[in-house]
Amino acid sequence: MPAGASDWHAALREAARRFAEQEIAPLAAELDETEQYPAELYRRLAEAGLFGISVPEALGGAGADVLAYALVMEELSRGYASVADQVGLVELLGTLLTQHGTPAQQDRYLRPLLKAERRCAYALTEAEAGSDLAGLRTRARRTDEGWVLDGAKLWIHNAPVAHFAAVLARTDPEAGHRGMSIFLVELDRPGVTRDRKEHKMGQRASQVGGLRFENVRLPAEALLGQEGRGFHMMMSVLDKGRVGIAALAVGILQAALEDSIGYAKQRRQFGQAIGEFQAVQWMLADMAKDAHAARLMVQHAAQRLDRGERATMEASMAKCFASDAAVARTADAVQIHGGSGYIRGVRVERLYRDAKITQIYEGTNQIQRMIMARGLLA
């Protein structure tokens, strides 16, 4: 456990580890194969208090801190990264609703979300607005009754299964970042359609698809927070989001390391265990080194956030390093497993596929390097 962590942190981490080993890991291969949304698993996860880690207890969360969130994300990801990814999505929406939602919005969206009674989506990305949100085209126009929403989103987590979405849209096309707002949109409203579900390389049980909005009429109370503050609200939770994805990447890497150590001890070639060969030993050493370094970076960034300090540089470093390490070292895990590591059904093959997206979502690693460089040169 990191310095400054409490016995409570240790107990929460152990609870998340037990849940991952007993509830998630036995289902991971099937979920990867079928790409199904595991609603019952998420219900049990919510009952265990692992949704909304840092949401106040008064609103239905665990009332913990960002360090606790990072510890839970790592442990759940050891079981299956798609499940940890869902926890991260709930944490992101939960934080926005906690900080900016009205009591009525919290009752309607946040509380049932944390009980796994409702499913959420966070709809930012568009065809020309991924890393560059200046290209955002979805528009919300004010009317006497509220708002009218038009636009399209793609690659949205939970879009095929969500009940509601937090949608970033332009409310003032001339105001740049200051002209964006977030709306809470029920996805059964007239004018909302779902595009096809995408079939992904990895994290296949994490549902992804597109959403279209055509003359969707929203009440005034659909606006989350202040008009024109949507971009800034989104940015306010980005560092926590990147810490969560970095922790998820560490969990993938740790699982790959554990499987590789076990395989290196039992697989024999040339009359001895392959773990006796220096080539394999060095790969294991590099895996352990990177897992340890990434974990420390994640925990350092989380603790800065918990102290109320700015952690943009540290969160970007952690996300970039951990995801790069997860991709590189799961490749080593496949190599250590040899031919069997390339076979579907062997866990390291899935871990290799699951790792890749961590370099892309929550800001590509090229964007993370831009953030770091700007911080260094500022």
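I note here that the model is predicted.

**Entry: overall form**

I went through the secondary structure and found 11 helices and 10 strands in the chain. The radius of gyration is 21 Å, close to the 21 Å that the globule rule gives for 378 residues, so the chain is as compact as a globular protein of that length. I also took the extent of the C-alpha trace, which spans about 80 × 45 × 40 Å along its principal axes. Of the 378 residues, 54% are buried.

For contacts I looked at residues at least 6 apart in sequence; 73% of these contacts join residues at least 24 apart. For charges I have 46 positive and 47 negative, and their mean positions lie 2 Å apart.

**Entry: aromatic pairs**

I counted five aromatic pairs. One of them is Y42 with F51, a tilted pair at 6.2 Å centre to centre and with 35° between the planes. The label follows from the angle, because planes under 30 degrees apart would count as stacked and those over 60 as edge-to-face. Both Y42 and F51 are buried. Ring pairs also bring in Y37, which forms a cluster with Y42 and F51.

I then turned to F270 and F277, which also form an aromatic pair. F270 has 79% relative accessibility and counts as exposed. F277 is partly exposed, with a relative accessible area of 28%.

I placed F277 in the loop between β10 (272-273) and α8 (278-306). Leaving aside neighbours within four places in sequence, F277 is in contact with Q269, F270 and Q272. I also checked F277 against V348: they are 71 residues apart in sequence, and 20 Å separates them C-alpha to C-alpha.

**Entry: D32**

Is D32 buried or exposed? At 4% relative accessibility, D32 counts as buried, because the limit for that class is under 20%. D32 sits in helix α1, which covers residues 7-34. Neighbours within four places in sequence aside, I list its contacts as Y80, R204, R344, R350 and R353.

**Entry: positive phi values**

For W155 the value is near 55°, and for N158 it is near 75°. W155 belongs to strand β3, residues 146-157. N158 is in the loop between β3 and β4 (164-170).

I compared their accessibility. W155 counts as exposed at 56%, whereas N158 counts as buried at 0%.

**Entry: R119**

N158 came up again when I listed the contacts of R119. Which residues does R119 touch once its neighbours within four places in sequence are left aside? The contacts are Y37, A39, N158, V161, A162, H163 and F164. Y37 in that list is also part of the ring cluster with Y42 and F51.

R119 lies in the loop between α5 (103-114) and β1 (120-123). I have R119 as partly exposed, at 23% relative accessibility. That value falls in this class because buried would require under 20% and exposed over 50%. I also took its distance to A205, which is 86 residues away in sequence: 15 Å, C-alpha to C-alpha.

**Entry: P103**

Last, I looked at P103, which is placed in helix α5. P103 counts as exposed, at 61% relative accessibility. How far apart are the C-alpha atoms of P103 and Q203? I have 34 Å between them, for two residues 100 apart along the chain.

Technical notes:
Residues numbered from 1 in each chain as written. Predicted model: local features only at pLDDT ≥ 70, side-chain atom pairs only at ≥ 80, totals over all residues. Heavy atoms only, no water. Helix = DSSP H or I, 4+ residues; strand = E, 2+ residues; numbered from the N terminus. Rg over C-alpha atoms; globule rule 2.2 N^0.38 Å. Buried < 20%, exposed > 50% of the residue type's maximum accessible area, 1.4 Å probe, protein only. Contact = heavy atoms within 4.5 Å. Lys, Arg positive; Asp, Glu negative; His and termini not counted. Charge placed at Lys NZ, Arg CZ, Asp CG, Glu CD. Phe/Tyr/Trp six-rings, centres within 6.5 Å; stacked < 30°, edge-to-face > 60°.
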